[in-house]
Amino acid sequence: MPPAKPEPGRDPEMAERTIKLNLVFALTSIGLLLAFSYMVWDDYNREWKGYQKRFNGLEVKLTQDQVQQALGKVDAARRQQLQAQLAQGEKEIAAHRDEVRKAEQDSSKLDAEWYRTDQEYRFTKADIDVARYNYEEAAHDSSRGAERKRRRLDDLTRKWEALRLQLEDVNARKAEAAKRLQELEKTKLDAENAQKEMYAEYNRLEEKLHKIEPGVVSFVRNLPVIDFANPSLKINQIMPTGLQDDVVFTGTPKVDRCTTCHLGIDKRGFENAPQPFTTHPNFEFYLQGPHPVEKVGCTSCHQGRGRATGFVNAAHTASSVDEEKKWGRYSGTASYHGLHFWDYPMMARGHTEAQCMKCHQGMVEVPRATSLNTGLLLIERYGCYGCHKIKGWEGFRKVGPDLTRITSKTNEEWIYRWIKEPKGFRPTRMPQIWDVRVDETAEQKHRNDTEANAVIAYLVSNAGAAEPYPPPPAGDLEAGRKLFESVGCLACHRVGNDRRGLNEGFDAAAFRTHGPNLDGTGSKVNAGWLYAWVRNPRGYWHETRMPNLRLTDKEAADVTAYLMSLKNDGFASRPRPAIDAKVRDDIVREYLVAASTPIKEVEQKLASMDERQRTLFVGEKTIGRYGCFGCHTITGFEKTAPIGVELTEEGSKLVERLDFGFEEGKIPHTLPGWVHRKLLEPRVFDKDKVKRPEELLRMPKFWVGDDEADAIVTGVLSFTKEQVPMAAQRQLSADDRFVARGQRLIREKNCQGCHQVGERGGAFREIVKANLEAEQKDTLQVVGLSPPLLYNDKEKIGEGARVQTAWLHDFIKDPSKKIRPWLQVRMPTFEFSEDETNVVTHFFASLDKVPYPYEQKPELQAPMVAAGHDLFTRWQCIKCHVVAGKLPNQEPAFMAPDLANVPGRLRAAWLAQWLADPQKIQPGTRMPSNFPEKPEENAFPEILGGDQHQQIEAVRSYLLTLGPGGPPVGGEKPKAARTAAAGGPGR
Amino acid sequence: MGAVNALKGVVNSLTNPPIFITLVAVTFFLVIGRRAFWRPRVGLAVGVVAAAFMAVSTFDPNFRLIVAKPDNIPIVAMLFLIGFFFFLSMSQAYGNDDRIARGEPPLEATPKEAEKTWVWPDLVYTEMVCMVIGIIVLVIWGIVFKAPIEEPANPARTPNPSKAPWYFLGLQEMLVYFDPWLAGVVFPSLIIVGLMAIPYLDTNPRGNGYFTFRERRVEITLFLFGFVILWVLLVMLGTFLRGPNWNFFGPYEYWDLHKLLALNNVNLSEYFWVKLFHANISGLNMFVRELPGIVLVLFYVGALPVLLARSRREVSLPGGVRFNVGLRKYYEKMGPWRFAVFVFLVLAMFALPIKMVLRWTLNLKYIVAMPEIFFNI
């Protein structure tokens, strides 16, 4: 027999142990309960819930305010009136109590009847479908029961038709009863409806308030565990279709949960709310409109980790050191420590526009992205691509002048002072190469002087023995100055600190700084060179962007005399230390050693070089090291690879790949922070590092301002490796592409220095205005005396709609055939290639979406031409307009183009628009608008009944008959309709 | 402040692997055979000092950063647990040894301990309570120290330092001294095979069912050396002292990505041919070139076991540590086959510290270096 099972009661020791363990178990169970409660609480207690609660408070407050406002808008008098009407209505109903009651009873009975009938009607319909199916199946199988089934279908169909009649009858009676009831209660119902309308806004807001106001229901909905069902605090997410986050091996669908905390982003009324609740500064454009948030998401533009619902996890990026300090509390560190596990940190404030480019590819300017556009323009202007390869920018011309013939232009004394400190001579985009370290030592400076001297020796010796230019003929300085200020030079150049037309944006990006500042020219260049240059810039440098202004010899001599009078003697007399042979030899040794020359041979090699060779050697090496050839054509460096880091994917560079040197902590630990610092102090990351001379950083200093650097940073950040699916990108139409090509050329040639194209350009107007002011003339003449507006952005009409392609083509090729010969400013000859000319003409045609290059000619009717001539005479068009070269008796500012050119120059459709309202097309034009819309306002109602369209058609018809010889023979009565163009396209 | 920094500097330099591993290994051998070190008050003192060291050190931001990393918390815990159980088992073993010396049976054999215990409540109930406690600990741990999710895997940008899971950090540390095929394939296999072989090699019946040190001195010392020094210590080293680029960083040192260490290591063949004979090795046949190394290795695994089997010399080190260099006793006890396996495994184990010492002292890269056929020892 087995021993009896020990029972706790029987074995005292066991009982004691059990009790002890019971106690332990009880305690641990409580512990487990607490641990689980902690788990539930921790799972429940999320960062974003706090934000949602806070936002709820803000929204409730806002809605309460709005409710009060809505109430305030309710007209008290009207309210009382309605209440009275309501009372009156009640009274009326009381008076007809029996009638009302009967009507109500009728209506109720009919409702019951309708319900029965309608149900039967619908059920029968379902039976029909079944019967039809059964019959079809049976008939198909030629089954015997088919006939019976068919009969059943027919019966049901008949029944259904009968029911339908019945239903319609019930409906009619119901409507009648309802109408009767309504008539009896009309006064009351009207009042009620009016009241509802009056309180519509208030009611809507009250309803909203009720929905969002915290209360018992929302409290219960949000309780832990219960909140799985339908909580009011919940994660919001946007899933833009087709967009993916790159997670290296694959893409995961983009899921943006930003709106979980950024709750006011698409709601008005939170413009001044604290973050993260602030309304998007431009949500109509970026969350709705062309960038709907459900298609674009948030992180497509802002970057960051969209799936995150916490501050750090979302990869927020601080934009300053101060902000990093302030944000330390989010990461639990003294200074903000962002999420470095995500390769796409959020864009720092102010640089978000950098992300426009990946979807708006192929555009010269992205609409509205001012900071990005400016940044890219600055990168182009400063010529960053000369040293830094940027994919897509390879074809651009070097930004600096050709140095292969430098000796015929200037002298080495000037060059030395210039390259040592370009900004000391005049405002320029040429960066400073030497003496720009933050920790430059005297020894280093001494070395710099030697290097600069050597560079000059190299440049001068490689410029060859250019033939010196003959001295220019003597010119009239004062006449030259006048010409210089009026003929158009000032559209691209300025002298000294002339700020006309320069007031918006950065100086470096302005139209008037397209060409060099000409201050001090007299101290810089040879007069003979200058004379030759202004007459034909391409003669000296075939790649120059400077066009030919077709100056006569006399004009050129005058302008030369004026420009040579601009001296900067202080600069010219700066000291120029002689080359230090010892330092130079040390540099030679350094380069020889760095080039792996055997140490023993270094001295031999050095000894084998004479003084001049050593200097030239140092010059060549220095140019190679600092990359001067990135911007200038220099003999011997035609094929040298640029010195800078490639920037094609710089915007995607990971912050850990950047060397912050000992600047860590002084600047934000971010890519934009680093690039910004690099732009301001290009060599600061060398500070306190021990480096050999050839290892030192060598990016020159451009002296850009803080804001300017910010814009450039935005531009650099736009060079990203991120690939947006084609379907999600902005697709350019064929016209868009032609426009983009044209914009490129327009930017290169600085057309906007003279002409306004779109919102920008026309800097030269400021010069005209200033000239007029100087002569104390009416500044209203500015428009008449300035180069014309080429595209009116507001009305979306421009030169393409105005002129015929063939004419524009010929004019650009040879602008000497002037439209307004009285203008002092000249359209220069750009010496465009045929291809470039076509780009320009196509640009304007595509911008206006007009036919290119051929166009239908309107048929001209003889009577209309006659009427047109009549109007032409009566309106005295020739009072201002030149006709076939015959100038009117007017001030130049009031003269108008030769009408004989109309048939060959203008597009017929444009003419009609122009005649109807010239101000709309060229604001500020002196051309009156003579054809009012209303016939009674017409000055000559007797002609064609004063009809605007008819009269315009008549004048246009007449104008189109004009030609170089003036009006056609017997101009008053042209024989028959004829096509207008003497020189239309398609010749 | 200056004194504190100086102290930190001392600790930093003491934890440099050559010094640190040597110090711990020497301490291990000095301490393991001494009864005096395994008394409760010594254990308590060591535990308190270690805990105090940790507590005080957490004031240093760099120390805190590494030690408090959620990944590393279990390793900190492991160090204390291993220390505790190491001490516990050793002190019990010495306790029993004392009892045996007094002619008493070991503690485990006393009537009280030999008595039966109940499944309920002693076993099942206790287990359940332990489960509950385990769950509590895991839940709270899981909440307080969140599992880190790092960057999306990217072969072009691996994390720096790239660290194996903590339990493999010992293996990874071996990679510093051996070729991957040895440190990653041969040694791990030998460890597993060797652990499996223990019951067949160790036929000493004493110590069954009770703790004892005196009766199993060699066995315990060998095993603990392999486990504590060559495994746990290397795990700890890999966790706390190896930073970016697998460079060594002292416990108070900032893990600077840009820290540079020169690794100017030389192969044995270069020592032999170039430094000793000033010969040109570039034209030598690789087998000729590596002959010294090959001979040495063959001696180590081929001849040394035979020599050991024959000799029975006893060496005594300063400090009173004595051990047999000759293993004749074991050869006689185990027979040729078992002895061969045993010696091979022991020699393989000692290959690691030997290579470490050679690296630290002679900058020795490989004993046999035949990169032509990807074979290096």
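## Chain B

Chain B contains 15 helices and four strands, where helices (H or I, at least four residues) and strands (E, at least two) are DSSP runs numbered from the N terminus. The C-alpha trace of chain B spans about 75 × 55 × 45 Å along its principal axes.

Of its 377 residues, 18% count as buried; a residue is buried if 20 or more other C-beta atoms, placed from the backbone, lie within 10 Å of its own, exposed if 12 or fewer do, and partly exposed in between. Among the contacts in chain B with a separation of 6 or more, 65% join residues 24 or more positions apart. A contact here means that the C-beta atoms of two residues, placed from the backbone, lie within 7 Å.

## Basis of the model

This is a predicted model, in which local features need pLDDT of at least 70 and side-chain atom pairs count only at pLDDT 80 or more, while totals for chains, interfaces and linings use all residues. Residues are numbered from 1 along each chain as its sequence is written, and chains are lettered from A and ligands numbered from 1 in the order in which they are written.

## Chain A: overall form

Chain A has 38 helices and six strands. Its radius of gyration is 42 Å, well over the 30 Å that the globule rule gives for 987 residues, so chain A is more spread out than a compact globule. The radius is taken over C-alpha atoms, and the rule is 2.2 Å times the number of residues to the power 0.38.

The C-alpha atoms of chain A fill a box of roughly 120 × 115 × 75 Å along the principal axes. Buried residues make up 32% of the 987 in chain A.

## Nonpolar cores

A nonpolar core is a set of buried Ala, Val, Leu, Ile, Met, Phe, Trp, Tyr and Cys residues joined through C-beta atoms within 7 Å. The largest has 77 residues, and A:L530, A:V559, A:F764, A:V955 and A:L959 have the most contacts inside it. Helix α21 (residues 553–564) of chain A gives this core its largest share, seven residues.

Leaving aside residues up to four places away in sequence, A:V559 touches A:G480, A:L483, A:F484, A:V534 and A:L551. A second, separate core of 40 residues includes A:A308, A:L378, A:W674 and A:A709.

## Confidence

The average pLDDT of chain A is 89, and 96% of the residues score at least 70; pLDDT is the predictor's confidence in each residue, from 0 to 100. Over residues 969–987 of chain A, pLDDT stays under 50. Where pLDDT is low, the predicted coordinates should not be read in detail.
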